[in-house]
Amino acid sequence: MAVPKSKVSRQRRDKRRSSVWKLEEPGLVKCPSCGEYKMPHRACKACGKYNGRVVLNVD
């Protein structure tokens, strides 16, 4: 079995994990019908359209 030979210190462990915390911003696209920015492959929250069809009732 693979067993660590010695304990990994907190500093060494955290140094390895330091580059993981950054989040990437999501890619936004413009809605072709109303021009608002929206997440790709999702219905627009402003006009309720997806792929040219109305799928959400927006007041």
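Q: Why is D14 called partly exposed?
A: In this predicted model, D14 has a relative accessible area of 39%. Partly exposed covers the range between the 20% limit for buried and the 50% limit for exposed, so D14 is partly exposed.

Q: What makes D14 and R13 a salt bridge?
A: The closest N and O atoms of D14 and R13 are 3.0 Å apart. A salt bridge requires a side-chain nitrogen of Lys or Arg within 4 Å of a carboxyl oxygen of Asp or Glu, and therefore the pair of D14 and R13 counts as one. A search of the whole structure finds 1 salt bridge.

Q: Why is R13 called partly exposed?
A: R13 has a relative accessible area of 29%. Buried would need under 20% and exposed over 50%, so R13 is partly exposed.

Q: Why does W21 count as exposed?
A: W21 is in the loop between α1 (10-16) and β1 (29-30). The relative accessibility of W21 is 62%; the cut-off for exposed is over 50%, so W21 counts as exposed.

Q: How far apart are the C-alpha atoms of W21 and Q11?
A: They are separated by 16 Å, with W21 and Q11 lying 10 residues apart along the chain.

Q: What is said of the charge of K38, in strand β2, and which side chain of opposite charge is nearest?
A: K38 is buried and has no salt bridge. The nearest side chain of opposite charge is that of E36, 12 Å away. A salt bridge needs the nitrogen and the carboxyl oxygen within 4 Å, and E36 at 12 Å does not supply a partner for K38.

Q: What does the side chain of K38 reach?
A: The side chain of K38 reaches the backbone oxygen of R42 at 3.0 Å. The limit for a polar contact is 3.5 Å, and the 3.0 Å between K38 and R42 falls within that limit.

Q: Which residues does K38 contact, leaving aside neighbours within four places in sequence?
A: K38 is in contact with G27, L28, V29, C31 and C44. G27, in the loop between α1 and β1, in turn touches K38, M39 and P40, with residues up to four places away in sequence not counted. The C-alpha atoms of G27 and V8, 19 residues apart along the chain, are separated by 37 Å.

Q: What makes the backbone of H41 and of N51 worth a remark?
A: H41 has a positive phi of about 65 degrees although it is not a glycine. N51, also not a glycine, has a positive phi of about 60 degrees. H41 is in the loop between β2 (37-38) and β3 (49-50), and N51 is in the loop between β3 and β4 (53-54).

Q: Why do H41 and N51 count as exposed?
A: Exposed means over 50% relative accessible area. H41 is at 69% and N51 is at 67%, so both count as exposed.

Q: Which residues make the nonpolar surface patch, and how is V55 placed to belong to it?
A: Y50, V55, L56 and V58 make a nonpolar surface patch of about 300 Å². V55, in the segment after β4, is partly exposed at 46% relative accessible area.

Definitions and conventions: Residues are numbered from 1 along each chain as its sequence is written. This is a predicted model: local features need pLDDT of at least 70, side-chain atom pairs count only at pLDDT 80 or more; totals for chains, interfaces and linings use all residues. Side-chain values use heavy atoms; hydrogens and water are left out. Helices (H or I, at least four residues) and strands (E, at least two) are DSSP runs, numbered from the N terminus. Buried means under 20% relative accessible area, exposed over 50%, partly exposed in between (1.4 Å probe, protein chains only). Patches are made of residues with over 30% relative accessible area and no salt bridge: like charges are joined within 9 Å, nonpolar side chains (Val, Leu, Ile, Met, Phe, Trp, Tyr) within 5 Å. Accessible areas come from the Shrake-Rupley method with a 1.4 Å probe; for residues, only the protein chains shown count as cover. Lys and Arg count as positive and Asp and Glu as negative; His and the chain ends are not counted. A polar contact is a pair of N or O atoms within 3.5 Å; within protein, one must be able to donate a hydrogen and the other to accept it, and residues adjacent in sequence count only if both atoms are side-chain atoms. Contact means heavy atoms within 4.5 Å.
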